[in-house]
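Please consider the structure shown here, which is a predicted model.

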Amino acid sequence: MKIALIGYGKMGHAIETLAAGRGHEVVCTIDNPVEMNEKESLLRQADVAVEFTTPATAVANVIHCLTIGIPVVCGTTGWNADYQMVANRCQECGGRLFTASNFSIGMNIMFALNDRLAELMEGRKEYRVSLSETHHIHKLDAPSGTAIVLQEAVRRRLPEQEAPIESIREGEVPGTHTVRYDSEMDTITITHEAHSRRGLALGALMAAEYLSEAAPGVYTMKDLLAV
């Protein structure tokens, strides 16, 4: 599979490192809008583009790829307000788009645990739920897209809970997310702590492999993991 990397920061480099070991070739790296124009001929050679940039540039990057017929795996978060527009554009183009707030397999297991715990807490008014997320100082969106997904799942089950999120930015932390239930009697917490970006990179490559053979449409990690 030929891959174009849009966004050549730490995540882009991590994906590139793993790609060769899975039999893939990175044919193009793009790190800014100027390069998007300069390297379009290389971009068109790709079977799939993997996009990890910023909330300010992700939408334009994804739409450009879809318009020229390149399937896109997008790991950038913070552009939820434009999601439906992008999904509609994907359908108009007959394209393929895979989005996720977090590509880590372990984190997606935590999503399932979070939903189940919230289900068990229905009617347990003695507990108050809160969330926290810690990331490296370079992460631009706060709270993280992952934390928002966790919060939304809690609120669906427990609409009476505010479920506030505390966002912390320090050092080079890959990402830690905690959901905490407090009562006068005890505390229950579930936490996912990423040790490196490798898990995210592997999940993104698995998504690219999935998308390369998928029918036109919009996909998420639930499709990949069949959950």
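Ile3 stands opposite Val48 of strand β3. The strand pair concerned is β1, residues 2-6, and β3, residues 48-51; these run parallel and are joined by 4 bridges.

This pair belongs to an open sheet of 6 strands with parallel pairing, in the order β2-β1-β3-β4-β5-β10. At its edges lie β2 (25-30) and β10 (217-219), each of which pairs on one side only. On average, and with direction ignored, neighbouring strands of the sheet are turned by 20 degrees against each other. Helix α1, residues 10-19, packs on this sheet and touches β1, β2 and β3. The direction of α1 makes about 165 degrees with that of β1.

What does Ile3 touch, if residues up to four places away in sequence are not counted? Its contacts are Ala19, His24, Glu25, Val26, Val27, Cys28, Ala46, Val48, Val50 and Leu205.

In soluble globular proteins, nonpolar side chains tend to be buried together. In the present model, the largest nonpolar core has 25 residues. Ile3 is among those with the most contacts inside this core, together with Ile15, Val50, Phe52, Val73, Phe98 and Phe103. At least two residues of the core are supplied by each of β1, α1, β3, α8 (198-212) and α9 (221-225). Helix α8 gives the most, with 7 residues.

Terms used: Residues are numbered from 1 along each chain as its sequence is written. This is a predicted model: local features need pLDDT of at least 70, side-chain atom pairs count only at pLDDT 80 or more; totals for chains, interfaces and linings use all residues. Side-chain values use heavy atoms; hydrogens and water are left out. Two strands pair if DSSP finds at least two bridges between them. Axes are lines fitted to C-alpha atoms, for helices over the stretch in contact, and angles run from 0 to 180 degrees between N-to-C directions. Contact means heavy atoms within 4.5 Å. A nonpolar core is a set of buried Ala, Val, Leu, Ile, Met, Phe, Trp, Tyr and Cys residues joined through side-chain atoms within 4.5 Å. Buried means under 20% relative accessible area, exposed over 50%, partly exposed in between (1.4 Å probe, protein chains only).
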